[in-house]
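Trainee: I would like to learn how the terms for a protein model are applied. Please show me the structure and take me through them one by one.

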Amino acid sequence: MKSRAILDGVWWLGTLDWERRLFDSLIPLPDGTSYNTYLIKGSEKTVLVDTADERRKREFCLALEEIPKVDYVVSHHVEQDHSGLLGLVLERYPQARVLCSDKAKPMLIDHLHLQPERIQPVADGKKLSLGDMTLQFIYTPWVHWPETMCTYLAERKVLFSCDFFGSHLATSDLFATGPRVYEAAKRYFAEIMMPFRAAIEKNLEKLKPYPISTIAPSHGPVHREASFIMNAYREWVSGQPKNLAVIPYVSMHDSTARMVDFLAQKLIENGVQVELFELTSADLGKLAMSLVDAATLILGTSTVLAGPHPLAVYAAFLANALRPKPRWLSLVGSYGWGGRTVEIITGLLGNIKAEILEPVLCKGLPRQEDLQKLEGLARAVAERHQQLNK
Ligand code: FEO
C-alpha cells in the first residue's frame with residue numbers, strides 16, 4: 001500500500017490483515033486487524049516506527065519501495081506482529097539502527113536473532129533530534145509486554161503508542177470515527193490489556209505532562225481526538241464496576257440452562273443488568289468486553305465426570321487470566337450424582353479478589369426449593385450492587 005499522510009512529515013504505512021481471525025492462536029478477531037508502521041521524515045534523519053507481521057511481508061516490501069533511506073527503526077514492542085520484519089528492514093537499509101528499550105534488546109536477540117550491534121537501546125525519557133523534529137522515548141511497561149515503550153513527537157503532538165490504545169480492526173479509514181472503533185478498542189483492551197490494569201493506570205499518569213493531540217497506535221485507526229481514547233482507557237481501568245451481572249454458562253440436558261434463565265429473570269426483576277453467554281457458541285471476545293464492566297460474575301455449568309464442564313473450565317481460566325474487576329462471584333448448575341464442581345471452579349478464579357456468594361447446585365432438574373435458592377442469590381446480588389455508587 002502507498003503511504004498515507006497523517007500530519008506534516010508523518011505517514012502511515014500500514015498493512016491491513018482483513019482475513020485474520022485469530023491472534024496468538026487464542027484471541028478472536030472478527031474484524032481482522034492492521035499492523036501500522038509509521039514513517040517520520042525529519043530534515044536530517046528518517047525513521048520507521050515499528051514494522052509488521054511476517055504474514056504481510058509482501059505489502060510491507062512494496063511500501064518500502066518508496067523509501068530510499070532509513071536511519072532508525074523504532075521497535076516499541078518485541079511481539080512479532082510489530083517486530084517480525086525488523087530483520088528485513090536492517091537488511092534493506094545497512095546503515096539503519098533499531099532503537100528500543102533496555103529490556104527489549106535481549107528479547108529482540110532471543111525472538112528474532114537480530115545482530116546485537118544493530119540494536120541501540122534508548123533510555124527512558126531520551127530525546128533524539130531528526131533535524132527539524134524531535135523524538136522522545138517514554139517507557140510504558142506492560143502495554144503489553146515488560147519491554148514496551150511509546151514515542152512522542154513533540155513538534156506534532158503525536159504519541160506513537162504501539163499496542164497501547166490500539167484496536168484489532170482492518171478498515172480503509174485512516175482515522176478513528178464513531179462507535180465501531182470504540183467497540184473494537186474496548187474489545188482489544190478486554191482481550192489484551194485488562195490483565196495489566198495497574199500498569200496501565202501508571203502509564204496514563206506518566207503521559208499526563210505530554211500535550212498529546214494525536215495517538216498513532218500500531219493496530220487500528222489513528223486517533224485524531226486523543227482524549228477520546230485516553231478517557232475511555234481511564235474508565236476501563238478504573239476500579240469501579242457497573243451494575244452488571246455476567247453469566248457464562250453451559251448446559252448438557254437443559255437443567256443448568258433453566259436455572260440460568262430463571263436466575264437472569266430474577267436479577268432483572270431486582271434491577272440488575274444481565275448478560276448471558278452460552279459457551280458452546282459464545283464470542284469469547286464479547287464475554288471479555290462484558291467483564292470490563294461487570295460487578296458480578298456467575299458461572300453456570302453442568303457436571304461432567306465429577307467436575308465442571310470443560311467449556312466452563314475454559315471460561316473460568318480465561319476470566320482468571322484477564323483479571324477483571326468483579327466484586328462478587330458465584331456458581332450455579334446441575335449434577336447427576338455428585339462431584340467437585342464448586343471446589344474446582346473457585347480454585348480456578350484465585351486472581352479475582354471477590355466475595356463468593358453461596359453457589360446453587362441442584363441434582364437433576366431444578367425443584368421449587370432450588371428456584372427459591374436462585375431467587376435468594378438474585379436478591380443477594382442486587383443488594384450488593386446497591387453499594388456500587390456509594
Ligand atoms: Fe500487537 Fe502485543 O502485539
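Mentor: Accessible areas come from the Shrake-Rupley method with a 1.4 Å probe, and for residues only the protein chains shown count as cover. By that method the chain has an accessible surface of about 16400 Å², and carbon and sulfur atoms account for 52% of that surface. This is a predicted model, in which local features need pLDDT of at least 70 and side-chain atom pairs count only at pLDDT 80 or more, while totals for chains, interfaces and linings use all residues. Residues are numbered from 1 along each chain as its sequence is written, and side-chain values use heavy atoms, with hydrogens and water left out.

Trainee: Why is Ser75 called buried?

Mentor: Buried means under 20% relative accessible area, exposed means over 50%, and partly exposed lies in between (1.4 Å probe, protein chains only). Ser75 has 2% relative accessibility, so Ser75 counts as buried. Across the chain, buried residues make up 56% of the 390 residues.

Trainee: Where is Ser75 found, and which residues is Ser75 in contact with, leaving aside its neighbours within four places in sequence?

Mentor: Ser75 is in the loop between β9 and α2 (80-83). Contact means heavy atoms within 4.5 Å. With its neighbours within four places in sequence left aside, the contacts of Ser75 include Asp50, Ser83, Leu86, Val98 and Met149.

Trainee: Does Leu88 count as buried or exposed?

Mentor: Its relative accessibility is 18%, and the limit for buried is under 20%, so Leu88 counts as buried. Leu88 lies in helix α3 (residues 86-92). Not counting residues up to four places away in sequence, Leu88 touches Lys57, Phe60, Cys61 and Leu64.

Trainee: What makes a stretch of chain a helix or a strand?

Mentor: Both are DSSP runs, numbered from the N terminus: helices are H or I with at least four residues, and strands are E with at least two. By that rule the chain has 12 helices and 23 strands.

Trainee: How do you know that β8 and β9 pair?

Mentor: Two strands pair if DSSP finds at least two bridges between them. Strand β8 (residues 46-49) and strand β9 (residues 72-74) are joined by 3 bridges and run parallel, so they meet the rule for pairing. In this pair, Leu48 stands opposite Val73 in β9.

Trainee: Which strands does β7 join on its two sides?

Mentor: One is β2: strand β2 (residues 10-12) is joined to strand β7 (residues 38-41) by 3 bridges, and the two run antiparallel. The other is β8, joined to β7 by 4 bridges, again antiparallel. Ile40 of β7 stands opposite Val10 and also opposite Val47 in β8. With 4 residues between them, β7 and β8 form a hairpin.

Trainee: What is the order of the sheet with 7 strands?

Mentor: The order is β1-β2-β7-β8-β9-β10-β11; the sheet is open and its pairing is mixed. Its edge strands are β1 (4-7) and β11 (119-121), since each pairs on one side only.

Trainee: What is the order of the open sheet of 5 strands?

Mentor: That order is β12-β13-β14-β15-β16, with mixed pairing. Here the edge strands are β12 (127-129) and β16 (214-217), each pairing on one side only. Within this sheet, strand β14 (residues 149-153) and strand β15 (residues 158-162) pair in the antiparallel sense over 3 bridges. Leu153 stands opposite Val158 in β15.

Trainee: Why is Ser25 called exposed?

Mentor: Ser25 is at 70% relative accessibility and exposed means over 50%, so Ser25 counts as exposed. Ser25 is in the loop between β4 (22-23) and β5 (27-28). Ser25 has a positive phi of about 55 degrees although it is not a glycine.

Trainee: What about His113, buried or exposed?

Mentor: His113 has a relative accessible area of 67%, which is over 50%, so His113 is exposed. His113 lies in the loop between α4 (104-112) and β11. Its phi is near 55 degrees, a positive value in a residue other than glycine.

Trainee: How far do contacts reach along the sequence?

Mentor: Among contacts between residues at least 6 apart in sequence, 71% join residues at least 24 apart. As for extent, the C-alpha trace spans about 80 × 40 × 35 Å along its principal axes.
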